[in-house]
Amino acid sequence: MGSALKRLSESIKKPASLYSFKITFPVIEEMVTLDNDRLENDIRDAGHAKFIYTAAECFRTRWDMHLVYPSFAEAAETAIDIARRHSLSKLTTQDGEPDPIPWRVKESWGLIYGKGEQGRIHAHWPATWAYTYCIYACDKCAPLIFDQMIQPEHVPSYGTPIQFKPKTGQMLIFPAWLNHHVEKQECDHDRIKLAGNIDTNFDFDKPWQHDTHMLDKAYVDRKEWTTGLEFP
Ligand SMILES: [Fe+2]
């Protein structure tokens with residue numbers, strides 16, 4: 001076996017080491033106005049996609065709702081707008097000019113949690129941001145919990161994660177790799193939500209980002225530059 005291939009097979013066999021980092025992440029909560037009646041109707045219209053595997057053990061729709069229903073497209077636009085306003089860093093071009101990050105929603109879906117239903121622990125990696133919007137819930141409905149969250153100043157016992165109580169009109173945006181789950185719904189009525197994933201939508205076909213001729217060009221440029229040099 002070639003040594004590169006051998007190294008590759010060894011690296012596949014070896015599990016990655018895991019480390020803990022002391023780092024904070026934002027969870028953005030905003031109250032927004034969307035057409036909740038329309039969203040609920042569209043979720044019921046789309047129906048339960050029972051053959052789709054998800055962590056949500058409840059009624060959940062297809063994953064491309066923003067491409068099918070304008071109400072979901074509007075929710076996606078609203079989430080992207082919030083993500084834009086809470087950018088974790090600013091990009092610039094090589095000339096130092098602002099280079100806006102292109103965002104897009106890759107998936108979005110509707111969820112209805114009836115009594116006794118819940119969402120198992122999961123994350124939304126490799127998306128950048130995940131969002132969830134509350135179409136209908138009361139203040140006793142099951143909370144959303146980030147399992148790795150430690151906020152001692154906000155909770156009575158150290159290490160207890162904050163519970164995000166759902167509120168009708170609440171949009172939550174969070175880094176998509178954070179583990180979270182939904183507690184069991186104890187209310188008799190439905191807890192209705194939508195969720196989605198926001199990814200970067202860079203155009204890798206732009207010549208300066210990913211041009212297959214780039215290497216040839218660089219070589220020619222370098223050759224011209226090199227031949228311009230005078231050697232003793
Ligand atoms: Fe989720």
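Analyst: A residue is buried if 20 or more other C-beta atoms, placed from the backbone, lie within 10 Å of its own, exposed if 12 or fewer, and partly exposed in between. Helices (H or I, at least four residues) and strands (E, at least two) are DSSP runs, numbered from the N terminus. This is a predicted model, in which local features need pLDDT of at least 70, side-chain atom pairs count only at pLDDT 80 or more, and totals for chains, interfaces and linings use all residues. Residues are numbered from 1 along each chain as its sequence is written.

User: How many of the eight residues of strand β6 are buried?
Analyst: Strand β6 covers residues 129–136. This strand is largely enclosed by the rest of the structure, because its buried residues number seven.

User: Which residue in β9 is the bridge partner of Tyr133?
Analyst: β6 also runs antiparallel to strand β9 (residues 170–175), with five bridges between them. The partner of Tyr133 there is Met171.

User: Which strands stand at the edges of the open sheet of five strands?
Analyst: The order in this sheet is β2-β5-β10-β7-β8, with antiparallel pairing. Two of the strands have a single partner strand each, so one side of each is left without a neighbour in the sheet. These edge strands are β2 (56–57) and β8 (163–164).

Technical notes. Two strands pair if DSSP finds at least two bridges between them.
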